[in-house]
Amino acid sequence: MTRSAFVAGAAVVLAAVITGCSSLPGEIRNPPRDAVAFHEGASDPDAFKGEEVRWGGEIIGVDNRDSKSWIEVLQRPLDVDGRPLDTDRTGGRFVVRVDGFLDPAVYAEGRDLTVHGTIKRGAEGAIGNQPYLYTIIDAETTYLWDRDGD
């Protein structure tokens, strides 16, 4: 292989990498400067109303309502790009409110999701018969990760 062919091939690979990374929104890749950590926001959501978060995890389900979709998420720690880690570690659950309709076949149980938004409030709910305090997030940006890990 000649040097010019190698350089041309490397340029194509580099362009593909840059293009792939550019599709990831900056709000997902980079946490807000003063973002509320999950353990803080989940323990007392009302104390953090209006504060920014970048949280993510595994989708548990989608509930489409009149003008918004509510996504229940099992929180997971995020990697450096904001993707939820494949781990059993979790701080609990939260709910993301997104304007419009989200198809539950696409936003399916088990898919990874990262959200940038603000804490709206806490809401009493239940997991089975156990009472649970959910933190409700109003989404500004959401990112549904590819199923294959890319």
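Modeller: A nonpolar core is a set of buried Ala, Val, Leu, Ile, Met, Phe, Trp, Tyr and Cys residues joined through side-chain atoms within 4.5 Å. Buried means under 20% relative accessible area, with exposed over 50% and partly exposed in between, using a 1.4 Å probe and protein chains only. The model is predicted: local features need pLDDT of at least 70 and side-chain atom pairs count only at pLDDT 80 or more, while totals for chains, interfaces and linings use all residues. Residues are numbered from 1 along each chain as its sequence is written, and side-chain values use heavy atoms, leaving out hydrogens and water.

The largest nonpolar core has 18 residues, and Trp55, Ile71, Phe94, Val96, Tyr107, Leu113 and Ile137 have the most contacts inside it. Two or more of its residues come from each of S1, S2 (68-75), S3 (93-99), S4 and S5. Strands here are DSSP runs of E with at least two residues, numbered from the N terminus. S1 gives the largest share, four residues. A separate second core has five residues, including Val95 and Tyr134.

The part to look at is S3. Five of its seven residues are buried, so S3 is largely enclosed by the rest of the structure.

Now the partners of S3. Two strands pair if DSSP finds at least two bridges between them. S3 pairs with S2 in the antiparallel sense over seven bridges, and Val95 is the bridge partner of Glu72. With S5, S3 runs parallel, joined by four bridges. Here Arg97 stands opposite Asp138, which lies in S5 (residues 130-144). The side chains of Arg97 and Asp138 also make a polar contact of 2.7 Å, that is, a pair of N or O atoms within 3.5 Å, one able to donate a hydrogen and the other to accept it; residues adjacent in sequence count only if both atoms are side-chain atoms.

Finally, the whole sheet. Five strands close into a barrel in the order S1-S2-S3-S5-S4, with mixed pairing.
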